[in-house]
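The following exercises guide the reader through one protein structure. Each task is followed by a solution that goes step by step.

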Amino acid sequence: MKATVTRRTLLGGSLVAGAGMLAAACGQPVATMPAEGEAPAAEEEAKPAEETTAMEPKKVVYLHYTTTQAVWEENFGQIFDNFRAQFPEAELQVDAVTGGFGVLIEKAVASFAGNVPIDMYYGHFSYISQFAQQEMIQPLDPFIAKDADVAREDFYDHALEKIQGQIYGIAWFNQGKEFWYNADQVTEAGLTSPNDLVAEGKWTWDAALEFAQKLTKREGANTTRWGFFYAYHSTGWFGHHLKAWGADWWNDDISAATMDTPEFAAAVQAAQDLVVKHEVSPRISSPSENDASASFEEETLASRLASGANTRSFQANIMSKDNPFNIGHALLPEGPGGRNTIQALNANYLSSSAPQADLAWELYKILVGPESDQQIARLGGRRYTASRKQSPVTLWPYENADVYAQMAELSDGAQQIVKQSEVNGAWSQGWKDIEDGVRTIQEVQEELQQVATIALEEGGCIC
């Protein structure tokens, strides 16, 4: 990524040489003073006004999302200030949106339709398909091709969002999943830790089931502590179960849905057994009012899938307590199909109508690059990096850097289609129907396969 000193050197090594040199670097005319005692020609009188207009800052507009938390505001503020320092000829306008991604999507779509100038959108893998359908975003390949600081081969494939082979997003924040557990509860129960089971080659989903069963607590008919849980009804999360059983939502090149296979059915059955048969995970469709909510922070959930992004919550809600519990961090369990994590990405998007696309690309690179490592790490990112040239960053003693490094080598990108929301909705409802006994796994598979096939034919893939 371009360093400040490099840019200053390109501008002549001095910011004081100032306006004239900057105008020349931007290809603008530079006014010269007349010789002493010489009256300027009439046509020369207009030049200062022309130069003033030419030297007005180029406004870069970034439609940004903010949680309004202090850590978010402070660290993004530092990143934005870094851009302003490196590119003094630019005026960065950050239009911050709160209230959820739905609000940002609505504003982005409305602004694009109304020709309101925006150069870059805050992005997330969950809604790139909506932006792509509206043709609101442009590929990054031309910017990479002409940029001496970066190359396509610098980036892990799982950290890129592609449509028809072209790159539309490079993750500034990407997160895989690992197995996190309450180490004190494990010690109290006299169990072998997942990390020790990994070392012995015994950390499998069968072992994780036994682990969860022994950590689940009940008082009469009520569950007071759940052994294990994650958002099974989410396609992004459930992909981890599919991979462990050798299944997936799509084939390798996302040219066909693969939701009707025996491996897919086996993965769903194994996950449903955790909820319905073994009752170590709460129901998503109809949770019991008398059972405890599954909260890792409140110690009513012994283990879960999570990522480095969750360390912000761990710090705020566990480590800030008077008597915090010890947190364990391990590889995901291995299934019949192996061990794998799916990277969830935040990758900004350049607007297809960006007035200042080149400067927006410079902001893009700062967000992705090593100069933002510490800021992004404090937001929960950079445990996995987009670039092979960057090293993972950890902040807390309970994080196992080796776990991140090993899971990075077992990472895949999220497989998605342009009409992904239709598949997401069908799976979410299907999971709940299986829990409630309304439909069988096979019936859900058949509907899901049909919905996915039609959606893929109509919209194509993000690949």
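**Exercise 1.** What volume does the largest pocket have? Determine also which residues lie nearest its centre and which elements supply its lining.

*Solution.* The structure is a predicted model.
- Step 1: the largest pocket has a volume of about 990 Å³.
- Step 2: its lining consists of 49 residues, and those nearest the centre are His-124, Gln-175, Lys-177, Ala-309 and Ala-344.
- Step 3: at least two lining residues come from each of the helices α4 (70-86), α11 (235-244), α13 (311-319), α15 (373-378) and α17 (420-436), and likewise from each of the strands β6 (173-175) and β12 (341-346).
- Step 4: by residue class, the lining divides into 22 polar, 19 nonpolar and eight charged residues.

**Exercise 2.** In which order do the strands of the four-stranded sheet lie?

*Solution.* 
- Step 1: the order is β2-β1-β3-β13, in an open sheet with mixed pairing.
- Step 2: its edges are β2 (90-97) and β13 (349-350), each pairing on one side only.
- Step 3: β1 (residues 58-65) runs parallel to β2, joined by eight bridges.
- Step 4: within this pair, His-64 has Ala-96 in β2 as its bridge partner.

**Exercise 3.** How many residues stand between the two strands of the hairpin formed by β8 and β9?

*Solution.* 
- Step 1: β8 (residues 217-219) and β9 (residues 222-225) run antiparallel and are joined by three bridges.
- Step 2: Arg-218 stands opposite Thr-223 in β9.
- Step 3: two residues stand between the strands, and Gly-220 in the turn has a positive phi of about 65 degrees.

**Exercise 4.** Over which residues does pLDDT stay under 50?

*Solution.* 
- Step 1: the chain averages a pLDDT of 89, and 88% of the residues score at least 70.
- Step 2: pLDDT stays under 50 over residues 1-47, where the model has 37 contacts beyond four places in sequence.
- Step 3: where pLDDT is low, the predicted coordinates should not be read in detail.

Note on methods:
Residues numbered from 1 in each chain as written. Predicted model: local features only at pLDDT ≥ 70, side-chain atom pairs only at ≥ 80, totals over all residues. Heavy atoms only, no water. 1 Å grid on protein atoms, 1.4 Å probe; cavity = no way out; pocket = protein on both sides within 12 Å on 5 of 7 lines; lining within 4 Å. Points joined across faces, edges and corners; volume = space filled by probe spheres on them. Nonpolar A, V, L, I, M, F, W, Y, C, P; charged D, E, K, R; others polar. pLDDT = per-residue confidence, 0-100. Contact = heavy atoms within 4.5 Å. Pairing = 2+ DSSP bridges.
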